[in-house]
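Dear colleague,

Please find below the structure that I am handing over to you. My notes on it follow.

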Amino acid sequence: MNELIKVDHLHKSYDQNTVLRDINLTINKGEVVVIIGPSGCGKSTFLRCLNGLETIDSGHIEVCGHEVNTTSKEIYKIRQKVGMVFQSYDLFPHKTVIENIILAPLKVQKRNRADAEKEAIELLAKVGLSDKKDYYPRQLSGGQKQRVAIVRALIMHPDVLLFDEVTAALDPEMVHEVLQTMLELAKNGSTMLIVTHEMAFARAVADRIVFFDKGDIVEETGDVKAFFDAPKTERAKNFLKTFTYD
Amino acid sequence: MQSLGIDVLFKGTNMLRLLKGLWVSVEISLIAVFISILLGLIAGILMTSRNIVVKVFFRGYLEIVRIMPQMVLLFIVYFGTTRVLGINIEAKLAAIIVFVFWGTAEMGDLVRGSIKSIPKIQYESAYSLGMNKFQVYFYIILPQTFRRLTPLSINLVTRMIKTTSLVMMIGIVEVLKVSQQIIEANRRSSPNAAFGIFGVVFLLYFMVCFPISRISAILEKRWT
């Protein structure tokens with residue numbers, strides 16, 4: 001099976017406000033899909049629908065062959081297959097770095113401690129944080145926290161990773177280290193769905209670009225270079241213009 | 001220099017009587033604090049409910065406790081119930097009832113505030129890792145709630161201990177009442193006893209409350 005995520009006529013609104021209108025999207029194994037678009041266009045909401053953090057009004061979402069339904073018990077299994085990293089630093093403040101990472105493997109996947117710790121340390125080494133394993137989140141910089149959050153998602157061996165504007169709250173000098181980590185993951189064949197405002201990064205990492213505006217997918221293309229050089233739609237053109245200065 | 005009246009303390013069994021009085025205060029507060037914390041946890045979790053009836057009920061309860069002086073509550077429960085309901089409850093029990101009534105409301109409000117202060121993202125990131133509702137509360141939300149709660153509830157405990165000095169108004173012979181008795185009894189022989197004895201009472205309260213507030217400070221330092 002090649003299709004990891006299949007979204008079919010997804011519709012969502014808050015009261016009178018439509019946030020997602022008839023969204024159709026398929027993500028294949030090994031693909032890196034970058035979602036861009038103006039603030040409030042529904043990209044984050046879309047991501048949160050995929051692992052059932054938001055309910056949907058109509059349509060279907062299928063992840064790894066399972067229907068995402070927030071009311072069914074199945075949702076807990078689906079969430080283990082979908083790793084998610086958020087914009088705000090979301091580490092658990094009362095636990096050390098290593099405890100943050102191994103909590104879910106121990107309690108949710110019932111793995112043994114030695115095995116989980118060993119893997120946690122290996123993953124921390126990969127993101128350059130092996131010396132920080134016994135630190136508390138408050139002792140880390142924003143960029144370090146985000147890398148720990150990525151490790152915490154990775155250790156669950158998810159089939160797909162969702163990144164929700166993970167660099168938006170970081171100081172500029174820390175953005176690079178986090179994006180570098182994500183780039184490594186992409187190179188190693190991870191399936192990723194990334195919401196970002198970092199256009200240079202989007203260009204470098206994406207296999208496919210999806211442009212959201214006002215709850216619609218306005219443009220979707222596998223020709224990433226062409227999208228950034230000459231977007232087909234007027235809305236994408238105007239959006240990309242806001243990132244250049246002349 | 002005039003005598004400070006400390007000598008009275010060593011007459012007869014005065015010191016022992018004071019300590020016994022202190023124990024009465026501590027006993028009432030310990031029992032009341034213990035029950036208040038248990039009921040307060042339940043009340044606090046209920047207070048986070050979105051149900052309008054539950055909300056209004058606890059809002060009203062909390063306001064009553066806050067507005068009414070504890071002494072009035074004591075009088076209502078101790079003297080009022082005897083006349084109106086025709087039941088005669090022991091003064092100590094009346095005191096515990098009032099302190100639990102008060103402590104549950106305050107503790108409940110602290111619990112409510114602590115739970116509400118945990119950011120939504122903490123729930124969401126825990127759910128994203130595949131945890132179920134019980135795991136999210138047990139491993140993520142409640143440990144953080146308790147940490148926020150500890151200094152606040154210890155503050156409440158020391159306030160409750162200090163407020164037990166009111167129970168002498170319904171005839172309970174606790175540390176302050178004992179000290180008054182001692183002072184009265186020695187009015188002629190040792191007119192300065194008020195200073196010495198109340199000074200000792202001050203030290204006794206200090207000995208009980210200071211370690212408690214130190215523990216709170218240590219925990220707070222370790223957890224933040």
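How many residues does the contact take from chain B, and how many from chain A? The contact takes 16 residues from chain B and 17 residues from chain A, two residues being in contact if their C-beta atoms, placed from the backbone, lie within 7 Å. This is a predicted model, in which local features need pLDDT of at least 70 and side-chain atom pairs count only at pLDDT 80 or more, while totals for chains, interfaces and linings use all residues. Residues are numbered from 1 along each chain as its sequence is written, and chains are lettered from A and ligands numbered from 1 in the order in which they are written.

The interface

On the side of chain B that touches chain A, the elements giving two or more residues are α5 (120–128) and α6 (133–163) of chain B. Helices (H or I, at least four residues) and strands (E, at least two) are DSSP runs, numbered from the N terminus. The residues on this side of chain B comprise seven nonpolar, seven polar and two charged; Ala, Val, Leu, Ile, Met, Phe, Trp, Tyr, Cys and Pro count as nonpolar, Asp, Glu, Lys and Arg as charged, and the others, Gly among them, as polar.

In α5(B), B:S125, B:A126, B:Y127 and B:S128 are buried, that is, 20 or more other C-beta atoms lie within 10 Å of their own. The buried residues of α5(B) pack against α2 (74–81) and β6 of chain A, together with α6 of chain B. Just after α5(B), B:G130 has a positive phi of about 90°.

Strands of chain A

An open sheet of six strands runs in the order β6-β7-β8-β3-β9-β10 (chain A), with mixed pairing; strands pair if DSSP finds at least two bridges between them. Because β6 (82–85) and β10 (216–221) of chain A stand at the edges, each with a single partner strand, one side of each has no neighbour in the sheet. Within chain A, β3 (residues 32–36) pairs with β8 (residues 192–195) in the parallel sense over four bridges, and A:I35 has A:V195 as its bridge partner in β8(A).

Strands β1 (residues 3–14) and β2 (residues 17–28) of chain A pair in the antiparallel sense over eight bridges. The bridge partner of A:L10 in β2(A) is A:I23. In this hairpin, which has two residues between the strands, A:D15 takes a positive phi near 50°.

Key. A residue is buried if 20 or more other C-beta atoms lie within 10 Å of its own, exposed if 12 or fewer, and partly exposed in between; C-beta atoms are placed from the backbone.
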